[in-house]
Amino acid sequence: MKKLFGTIALVAALCTGIAAPVSAADPARPFAGHDRVVDTMLAPSGCPADAAWRYSATGTGWFLHLGVTSVDVTHCTVVDMSTGRGSFGPGTITLTAANGDRVKLVHRGTFRVVMTPDGPTSTFDMTWVVDGGTGRFAGATGSGTTHGSSLLATGITRASYHGEIAY
């Protein structure tokens, strides 16, 4: 009987030892949010020769795992003025939580300008990967997609993010 209990204890200890590293790995978690930023078009310094401008934007949003968030975006933009279609990136999006922890996204995407009742609007789709961060997001990984639009007359962009993050 002592041998049986000893064997059970050994098996339990081995299972716990084997399971610990697996449970210690950072799990992928849903990551989603939305933002509202103010657009700025700058000279295309540091961009490829075919870039029309460097896009920069700042604003606020709300994201899972961060809460209320400051948002900073930058990328180079290429556009075909005859079709109103273009591409952007790679660029960075920095999401900063109220406590100062940051998540860095590297993104790229495509857009097209369409006429809406409010005026010309750029609709876009982009993909992104998480490229680390600071605080609890140091070494974070993940990926996702974003869809949004920018009303050109106001320079206001709104976007929704969906994906996952591990940290």
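Predicted model: local features only at pLDDT ≥ 70, side-chain atom pairs only at ≥ 80, totals over all residues.

User: How far apart are the sulfur atoms of Cys47 and Cys76?

Analyst: The sulfur atoms lie 2.0 Å apart, and the two residues form a disulfide. The count for the structure comes to one disulfide.

User: Where in the chain do Cys47 and Cys76 sit?

Analyst: Cys47 is in the loop between β1 and β2, whereas Cys76 belongs to strand β3.

User: Changing topic: how many bridges join β1 to β8, and how many join β1 to β2?

Analyst: Eleven bridges join β1 to β8, and these strands run antiparallel. As one example, Ala32 has His162 in β8 as its bridge partner. Between β1 and β2, also antiparallel, there are ten bridges. Leu42 is partnered there with Arg54 of β2.

User: What about the aromatic residues? How many aromatic pairs are found?

Analyst: The whole structure holds six aromatic pairs. In one of them, the ring centres of Phe31 and Phe63 are 5.8 Å apart and the planes meet at 20 degrees, so the pair is stacked. Phe31 lies in strand β1 and Phe63 in strand β2, 32 residues apart.

User: Are Phe31 and Phe63 buried or exposed?

Analyst: Phe31 counts as buried because its relative accessibility is 1%. Phe63 is likewise buried, at 0%. Another aromatic pair, Trp128 and Tyr161, is tilted, with 6.5 Å centre to centre and 50 degrees between the planes. That pair joins strand β6, which holds Trp128, to strand β8, which holds Tyr161, 33 residues apart.

User: Which residues do the ring pairs link into a cluster?

Analyst: Phe31, Phe63, Trp128 and Tyr161 are linked in this way. Trp128 is buried, with a relative accessible area of 2%, and Tyr161 is buried at 2%.

User: Last topic, the largest pocket. How much space does it hold, and which residues lie nearest its centre?

Analyst: About 420 Å³ of space lies in the largest pocket. Its lining has 25 residues, with Met41, Trp53, Tyr55, Phe111 and Ser122 nearest the centre. Elements giving two or more residues to the lining include β1, β2 and β8.

Terms used:
Residues numbered from 1 in each chain as written. Heavy atoms only, no water. 1 Å grid on protein atoms, 1.4 Å probe; cavity = no way out; pocket = protein on both sides within 12 Å on 5 of 7 lines; lining within 4 Å. Points joined across faces, edges and corners; volume = space filled by probe spheres on them. Helix = DSSP H or I, 4+ residues; strand = E, 2+ residues; numbered from the N terminus. Disulfide = S-S within 2.5 Å. Pairing = 2+ DSSP bridges. Phe/Tyr/Trp six-rings, centres within 6.5 Å; stacked < 30°, edge-to-face > 60°. Buried < 20%, exposed > 50% of the residue type's maximum accessible area, 1.4 Å probe, protein only.
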